[in-house]
Amino acid sequence: MIPRIGMAACPEQALLLVPLLQSLDFQVTVIWCRSFEAATRIAQSHKIAHCVSQFPDLLLHPEVDMVYVATEPSLQAEVAVKALTSGKHCICQKPPSISQTEAEKIVSLSQYYSQLVSVLESHLRFLPAFVRMRELVSSGYCGKLLVLEARVSMGSLVNGEPYSWMCEPSMGGGALNTMGSHLIDIATFVTRQRVSQVHACLRTFRPHTGRIQGYRSVASDDFSCFQMEYDGGMCASFTINTHHPGTFEMELAIIGTEGKLVVKGMDLYGCKGERGETTILRQKEEELDVEGLPPKYPPDYYSFIVVGLSGMFNALKEAFGGTSPCRPPEQGRFGAMATFEDGLYVRTVLDTLHESNRAGKWVSVPTVFKSGNVNPFWTSTSQYVSTEKASTSA
């Protein structure tokens, strides 16, 4: 049985997600936004049956089986916790929290309520190019992995917008939190290696925009460059540049002892040996046409979002294809979804990158491991314990 969705979201996220879900035959039955007026407009324009002014009303609504959490990052952990404790399946955007403490609590709850689906929105994991790249890396196409390089070029995340959470890194804003979280996740997903230490350079080159002036300024990073070492010996370099107006380009390359793989746009290229010829291994498929998407970002950005999320939602629909309302088995495409444990890992790496930027040196990523207790209401000992951070000089 396909779950009926209650949408708890920012208006701009709801305008993106609702048309896509409806195009894939999901029922969005209830919507809640912090602005009731905005929620009412979206409900009317997208034919959503119910619009509520208080979030608890969404949780108590009998026509909601799953809560889609796409609020401001500072609210996501609270909303996800309430959804799970109310017995609702939960999808949450990445990163699911603005602190490790919040992430630990959500992980504990997701394990405690193991019969419920609790996953993160992970559209890059379902792009066909990355799916194929992961298969080839696992089969030894590249040999021993040596270097990973990733680059994102796009327009400003705040230009033309009023002052909001996007302007503050502590509230989840910035290029690193917004885009870097997805790059960190996909790099580990494809290579099956985890980050051991990091070095970051985060900069805000444009603290003011046309609509953000005076005593208010943008504190979140608009340029992010960081290097990471992985537990399997691989080194990686990431660059996120939001000073390319009107464009969106993403490229991720993996180089090994026997070959290299490159995802550029939504195409996958491969090259065997040092002098081998580059061939296309997976070509971009015909783009999906979804009506009603807001014209905020370039078409290439929406291609990534639409194709990736469509793959994720279809995997979810297949997993719920039976009649049982309980959690479906973690197999097939559903097994590729990011969990809240993955969210805790990403949150830990993000926090370590911010620490490295402040300290100006390499910083080790704390090892996060599970203790025996999974009861989220037992607070004498944390479910997750982090080893002491050991910094090394650059």
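**A buried strand and its setting**

Author: Thr188 is buried, at 13% relative accessible area. Buried means under 20% relative accessible area, exposed over 50%, and partly exposed in between, with a 1.4 Å probe and protein chains only. The model is predicted, so local features need pLDDT of at least 70 and side-chain atom pairs count only at pLDDT 80 or more, while totals for chains, interfaces and linings use all residues. Residues are numbered from 1 along each chain as its sequence is written, and side-chain values use heavy atoms, leaving out hydrogens and water.

Thr188 sits in helix 7 (residues 175–191). Helices (H or I, at least four residues) and strands (E, at least two) are DSSP runs, numbered from the N terminus. Beyond its neighbours within four places in sequence, Thr188 contacts Gln193, Arg194, Tyr230 and Tyr345. Contact means heavy atoms within 4.5 Å.

Now the strand. Strand 5 covers residues 89–92. His89 and Ile91 point one way, Cys90 and Cys92 the other. All are buried. In a regular strand, side chains alternate between the two faces of the sheet.

Strand 5 has partners. Strand 4 (residues 66–70) runs parallel to strand 5, joined by four bridges. Strand 6 (residues 118–120) also pairs with strand 5 in the parallel sense, over three bridges. Pairing requires at least two DSSP bridges between two strands. Ile91 faces Tyr68 in strand 4. Ile91 also stands opposite Val119 in strand 6.

Strand 4, helix 4 (residues 73–85) and strand 5 form a right-handed β-α-β unit. Strand 5, helix 5 (residues 100–112) and strand 6 form a right-handed one too. Right-handed means that, with the strands pointing away from the viewer, the path from the first strand over the helix to the second runs clockwise.

Next, the cysteines. The structure holds zero disulfides, a disulfide being a pair of cysteine sulfur atoms within 2.5 Å. Cys90 is in none; its nearest cysteine sulfur, in Cys92, is 5.6 Å away. Cys90 has a relative accessible area of 0%. The Cys33 sulfur lies 7.3 Å from the closest cysteine sulfur, that of Cys51, so the two are too far apart for a bond. Cys33 is buried too, at 1%.

Last, the core. A nonpolar core is a set of buried Ala, Val, Leu, Ile, Met, Phe, Trp, Tyr and Cys residues joined through side-chain atoms within 4.5 Å. The largest has 94 residues, and Tyr68 is among those with the most contacts inside it. Helix 8 (residues 299–319) gives the most to this core, with 11 residues.
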